[in-house]
Every structure is written in C-alpha cells, then in structure tokens.
Number of protein chains: 4
Amino acid sequence: MSTGTHPVHKALASHTDPKALPWVPWAPGHFIKLIKLNPITGQIILFIRSVPGAALQMHFHPGTVVVYTVQGAWTYDEGWVSKAGDVVFEVAGSTHSPRMVGKEDTIVFAVIEGALDFVDASGNTIATENWQTFLKRYHDYCDEKGLTPVDITKF
Amino acid sequence: MSTGTHPVHKALASHTDPKALPWVPWAPGHFIKLIKLNPITGQIILFIRSVPGAALQMHFHPGTVVVYTVQGAWTYDEGWVSKAGDVVFEVAGSTHSPRMVGKEDTIVFAVIEGALDFVDASGNTIATENWQTFLKRYHDYCDEKGLTPVDITKF
Amino acid sequence: MSTGTHPVHKALASHTDPKALPWVPWAPGHFIKLIKLNPITGQIILFIRSVPGAALQMHFHPGTVVVYTVQGAWTYDEGWVSKAGDVVFEVAGSTHSPRMVGKEDTIVFAVIEGALDFVDASGNTIATENWQTFLKRYHDYCDEKGLTPVDITKF
Amino acid sequence: MSTGTHPVHKALASHTDPKALPWVPWAPGHFIKLIKLNPITGQIILFIRSVPGAALQMHFHPGTVVVYTVQGAWTYDEGWVSKAGDVVFEVAGSTHSPRMVGKEDTIVFAVIEGALDFVDASGNTIATENWQTFLKRYHDYCDEKGLTPVDITKF
C-alpha cells in the first residue's frame with residue numbers, strides 16, 4: 001500500500017480509560033494511578049491524587065517531568081501555584097517538595113522520565129521510585145485487593 | 001548545603017498558566033496553544049482544540065505522543081473513543097487521522113516528540129510540523145494580532 | 001534481596017558484536033549496519049559506512065542525533081571536519097548534507113531519535129527513513145542474501 | 001527560502017574534537033571526558049577511560065545507556081565481553097558492575113539518559129552522578145589545573 005515516502009500501515013495507538021485502573025496508596029495522603037511504564041526507557045505515565053494540605057517529601061529528578069493539573073492546586077513554593085488546567089515543566093536535576101493548596105483533592109497527570117529520588121535535607125537518598133518500584137506497588141495492591149492487573153508495560 | 005549524594009540546589013520548575021497564551025488557528029477547525037518547545041530535542045508540549053465534527057488530515061509520527069483528553073471526545077477509528085480524562089499513547093511510526101466525536105469542542109493536552117508529517121493516501125508527505133514550524137505559527141499569529149510572544153523555548 | 005532504596009535485580013544489558021551483522025546497502029556509496037531499533041520511541045542505533053567522496057542527499061531530523069566517528073572523516077560544510085574519535089551533536093530540526101572527505105571509508109556510530117527526512121532544495125520531503133523503513137531494509141537484505149535476521153527490536 | 005514542507009534553514013550541528021577536552025579523574029582507575037551535558041533533559045554524552053583490571057562500584061540507571069567500546073574490553077559478568085567496536089544497550093532500571101578485562105586502558109563512548117546511582121549490596125544509594133555532579137567535577141578539575149572550561153551545556 002505504501003508507494004510514497006512513509007510507511008502507511010496502521011500502527012495502533014494505545015487507549016486507556018483511567019476509570020478501569022485503581023488508585024494505589026503511595027506516601028500518606030497521596031495515591032498513584034499508573035497508566036504506562038516503559039521498561040526500556042523508564043518513562044512513567046501516571047496520575048497522582050493528593051488530599052488537601054498534603055505535602056510530599058523533598059525529591060530529586062534525574063530526568064524531565066511534565067505535569068498537567070487536572071483538579072485542585074499545588075505549589076513548590078517557587079513563586080507560583082499550579083491550578084486546574086496549568087502546566088509545569090521540571091528540568092532534569094530539579095529538587096522540590098510539592099504542597100497541596102486546594103480545598104479539594106489535587107489530581108495531576110504526569111509524564112516522568114526515569115525516576116524520583118526522595119532525599120533528606122542533606123541531599124542523601126532515602127528512597128527511589130522508578131518504573132520497577134511503581135510496577136511492584138501496582139502488582140502488590142492488585143494482589144492485596146484480588147484485582148487482576150493490566151499489563152501497563154505493553155505498548 | 002549538599003553534603004549528601006544529591007545536588008540539593010533549587011533548580012526551578014517552569015509554571016505556565018495557559019490562559020495567558022493564545023489559541024493559534026491551525027488546520028481548519030483546529031487551534032493550537034503552545035506551552036513549551038524544546039529546540040534541542042524537538043519536544044512539543046501543547047493543547048489542541050478542535051470544533052465538533054472536525055477531522056485532521058492523516059499524519060505520521062516519527063516519535064512518541066502522549067495525549068490527555070481535557071474535554072470532548074475523539075477517535076482514530078481503531079476501536080476506542082478517548083473521552084475527557086482518558087489517555088492515549090502513540091508509538092513512534094504510527095499513522096492515523098483523528099476525528100472529533102463530541103458535542104462540544106474537544107481539547108487535548110499532548111506531549112509530542114519530534115514532529116508530525118501530514119501524508120496522503122500513498123504515504124507521501126504533504127506537510128510537516130515540528131518545533132520550528134509551530135514556533136513560526138505562534139510568532140506569526142502574535143505579529144498579526146499585535147501580541148508580545150512569550151519565549152516558550154526557555155526552560 | 002533488595003532491602004534498600006533500589007531494585008537490585010539484574011536487569012540484563014544487551015550486548016551486540018557488530019561483526020555478526022551485515023552492512024546493508026543504502027543510498028549509493030552508503031551502507032547501514034543496524035544495531036537496535038526501538039519500536040516504541042523510534043530510537044535508531046546504527047553504524048553508517050560511506051565510500052571516499054560520497055555525499056548524502058540533504059536531510060532533516062525531527063529529533064536529535066549523536067554521531068561518533070569511528071574511521072575516516074566527513075563534514076556538513078559548517079566549518080568543521082569530524083575525524084576518527086570526534087563527536088557531533090545534531091539538534092532537532094537541523095538540515096544538512098554530509099560529505100565524506102577522508103581517503104578511506106568513513107564509518108560513524110550514530111544514535112538517531114525518530115527519523116531522517118530527505119528533502120529537496122525547497123524543503124519538500126522526497127523520502128523518509130525511520131525505524132520501520134530501516135527494519136524493512138534489513139529484512140529485505142536478509143531475504144535476498146538468505147540470511148536469518150536477528151531481532152534488533154528486542155531489548 | 002522554504003517553500004516546501006520543511007524548514008530548510010541551517011540549524012548547525014555541534015562538533016567536538018575530544019582532544020581539546022581533559023580526562024577528569026573519577027573513581028580510582030577511571031577517568032571521564034565530558035562532551036555534552038543537557039541541562040533540560042539530563043542527557044550525558046561522555047567518554048570513560050579505565051585502567052586494566054579496574055572495576056566500578058555497582059550502580060543503577062534510571063534511564064537508558066548506549067555504550068560503544070572504542071578500545072579495550074569490559075564486562076558486566078552477564079555472559080559477554082564488550083570489545084573494541086561492540087555496542088551495549090542498557091535498559092532503564094538496570095544494575096551492574098563493570099569490570100575491565102583488556103590489557104590496555106578501556107575507553108568507551110556513552111550516551112546516558114539521566115543519572116547513575118552507586119548502590120551497596122542492599123540497594124541503598126551511596127552516591128549519585130547526574131549532569132550537575134559531572135559538570136561540577138569538570139569545573140573543579142579546570143579550576144585545579146588552571147584550565148578554561150568549555151561550555152559543554154551549550155548546543
């Protein structure tokens with residue numbers, strides 16, 4: 001069929017309805033809903049839901065993060081508040097502590113490249129999350145609740 | 001300050017309130033709101049708004065696309081409809097024609113790696129959009145409307 | 001085994017001895033040896049070998065390219081010559097025509113994100129190469145020569 | 001000039017002759033020569049030189065690594081030895097300890113996405129290297145030796 005310059009085959013896109021996937025408890029007051037994990041590159045696509053007033057331990061990112069705020073409001077105390085509809089871009093090597101400032105749960109959609117390292121005030125790593133630890137959290141939660149996990153590493 | 005394993009400096013994130021940025025006319029019935037363009041890697045972060053019933057010419061992607069649907073509904077006629085809150089992942093080398101199927105405008109938030117090539121039925125490239133052509137569209141629109149463009153290539 | 005912050009499992013690296021893989025004819029005077037093709041992200045890892053004096057049609061890159069010169073010498077006529085041991089970084093959206101200037105074959109090792117689009121002097125796309133077209137070239141060559149292809153899309 | 005589908009401007013590539021850059025001491029028996037550091041995405045392009053018999057502390061990668069062996073030989077003790085001319089691809093989330101097995105210095109050219117985390121046998125992070133820590137090592141070495149650093153974060 002392709003006589004032209006491009007391969008006109010129908011490589012199919014992958015559609016996810018997040019209502020079919022669980023909110024997995026993460027740090028206290030925070031829940032993750034994993035959409036896709038790329039086991040080759042380490043890309044993590046997920047939603048994070050946080051209760052009003054919740055903060056998250058300071059963490060460091062070796063790669064980029066793109067965050068779209070779906071609901072609520074949060075800040076890194078860097079001079080702005082990200083409200084529903086806003087976008088935050090985090091460069092590789094950034095360190096910050098998100099803090100929820102809305103009256104309802106805050107929900108963000110994020111594309112994370114690689115990992116996030118929780119660090120103490122001196123910069124020592126306390127814990128790390130990457131595609132593997134997130135996948136384990138999802139599977140452990142499914143085991144606990146008797147849910148059948150979807151293969152979120154498949155594209 | 002950093003005595004530990006990480007550089008605990010405050011590399012700042014970049015926050016964008018999309019209300020401050022214009023909807024730039026694109027193909028008929030489609031508008032783009034550019035958030036960030038990475039002139040090194042070619043990453044494009046944008047919103048696309050499409051009127052009810054609008055379709056977009058078949059196109060090919062050399063890299064990945066992550067799409068979060070903010071409002072409305074659309075499909076590639078691959079067996080699913082992406083509604084508000086859903087996520088679509090498009091692998092490199094995919095070719096498709098989006099078609100709006102909601103009653104209101106459809107708005108998506110997308111992270112595109114590299115480009116999209118509009119192709120004809122034989123797979124010949126008709127037009128290409130990448131960070132450079134999108135940036136030109138934004139600047140041309142600002143010129144036309146007397147707006148001062150923001151530097152969306154700055155991180 | 002992992003009681004600490006990281007998943008200490010042995011995710012295995014993938015080793016390739018290029019001597020086991022063929023040089024596939026590409027444009028006249030140029031040969032490609034594909035190492036890995038990532039069907040999710042479109043990353044292309046390959047060697048390109050070019051005979052002395054060969055030039056390659058002007059082309060455009062939607063993503064980045066990293067080039068390490070193994071042998072020989074080449075230039076884009078931008079004020080430098082890349083000799084054995086040198087590194088060239090090409091930003092997304094660059095357009096250029098490589099020209100071999102060494103006395104022996106030039107061999108480069110390259111990591112290409114996404115694609116290269118051959119363009120005419122007006123910027124119209126004449127042909128495109130991405131992970132799919134390169135894979136087809138490899139398979140067609142193996143068919144022609146009676147070789148058993150390796151799965152270079154597996155990681 | 002561009003009447004066609006592509007922006008035919010001459011976005012220039014960046015050429016590096018590594019002879020102009022120093023070998024900076026890293027772990028004992030290992031030296032790094034940084035070529036490019038991307039402060040947005042965290043990509044690290046460098047050469048690593050290691051003396052015969054040297055090993056490197058076990059480390060974890062949140063992103064991918066592509067390694068081309070320029071000279072010498074090394075292994076992760078995973079069933080292969082990477083000799084001059086060979087390519088190794090490391091997936092995100094891999095953990096390993098390289099060991100030099102050649103009689104001369106081993107030199108590799110590597111493209112690292114994000115970071116490497118040195119870990120102990122339990123998987124606890126001991127130290128981290130990313131674009132920021134590598135840049136500091138380069139600048140500190142230049143200060144110590146009275147060298148003028150090149151801006152390796154510029155593309």
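Which residues lie nearest the centre of the largest cavity? E113(A), E113(B), T41(C), E113(C) and E113(D) do, in this predicted model. The legends below take the cavity, the chain pairs and the confidence in turn.

**View 1. The largest cavity and its lining.** The lining of the largest cavity counts 38 residues. In total, 6 cavities of 30 Å³ or more are found.

View 2. Chain A superposes on chain B by a rotation of 180°, with 0.0 Å of shift along the axis. The RMSD of that superposition is 0.0 Å. The two copies are therefore related as by a two-fold rotation axis. V70(A) marks the closest approach of chain A to the axis, its C-alpha lying at 4.1 Å.

**View 3. The surface shared by chains A and B.** Chain A brings 54 residues to the contact, and chain B brings 54 residues. Of the interface residues of chain A, 100% are also interface residues in chain B, so the copies meet through the same surface. About 4500 Å² is buried between chain A and chain B. Carbon and sulfur atoms account for 60% of that area.

**View 4. A salt bridge from chain B to chain A.** The interface of chain A and chain B holds 2 salt bridges. One of the residue pairs in a salt bridge is D17(B) with K83(A). Their closest N and O atoms are 3.9 Å apart. That spacing counts here because the cut-off for a salt bridge is 4 Å.

View 5. What rotation superposes chain C on chain D? A rotation of 180° does, with 0.0 Å of shift along its axis and an RMSD of 0.0 Å. Among the residues of chain C, V70(C) comes closest to this axis, with its C-alpha at 4.1 Å. The same surface serves both copies, as 100% of the contact residues of chain C recur in chain D.

**View 6. The interface of chains C and D.** Here 54 residues of chain C meet 54 residues of chain D. The buried area between chain C and chain D is about 4500 Å², with 60% of it on carbon and sulfur atoms. The rule finds 2 salt bridges across this interface. K83(C) and D17(D) join their side chains in a salt bridge, at 3.9 Å from N to O.

**View 7. Confidence in the prediction.** Chain A has a mean pLDDT of 94. Of its residues, 94% reach 70 or more. For the complex, the predictor gives an ipTM of 0.94 and a pTM of 0.95. Where pLDDT is low, the predicted coordinates should not be read in detail.

Terms used: Residues are numbered from 1 along each chain as its sequence is written. Chains are lettered from A and ligands numbered from 1 in the order in which they are written. This is a predicted model: local features need pLDDT of at least 70, side-chain atom pairs count only at pLDDT 80 or more; totals for chains, interfaces and linings use all residues. Side-chain values use heavy atoms; hydrogens and water are left out. Copies are superposed by least squares on the C-alpha atoms of residues with pLDDT of at least 70 in both. Contact means heavy atoms within 4.5 Å. On a 1 Å grid over the protein atoms alone, a cavity is a set of points where a 1.4 Å probe fits but cannot get out, and a pocket is an open set with protein on both sides within 12 Å along at least five of seven lines; lining residues have an atom within 4 Å of a point. Grid points are joined across faces, edges and corners, and a volume is the space filled by probe spheres set on the points. pLDDT is the predictor's confidence in each residue, from 0 to 100. Buried area is the accessible area (1.4 Å probe) that two parts lose on being put together, summed over both.
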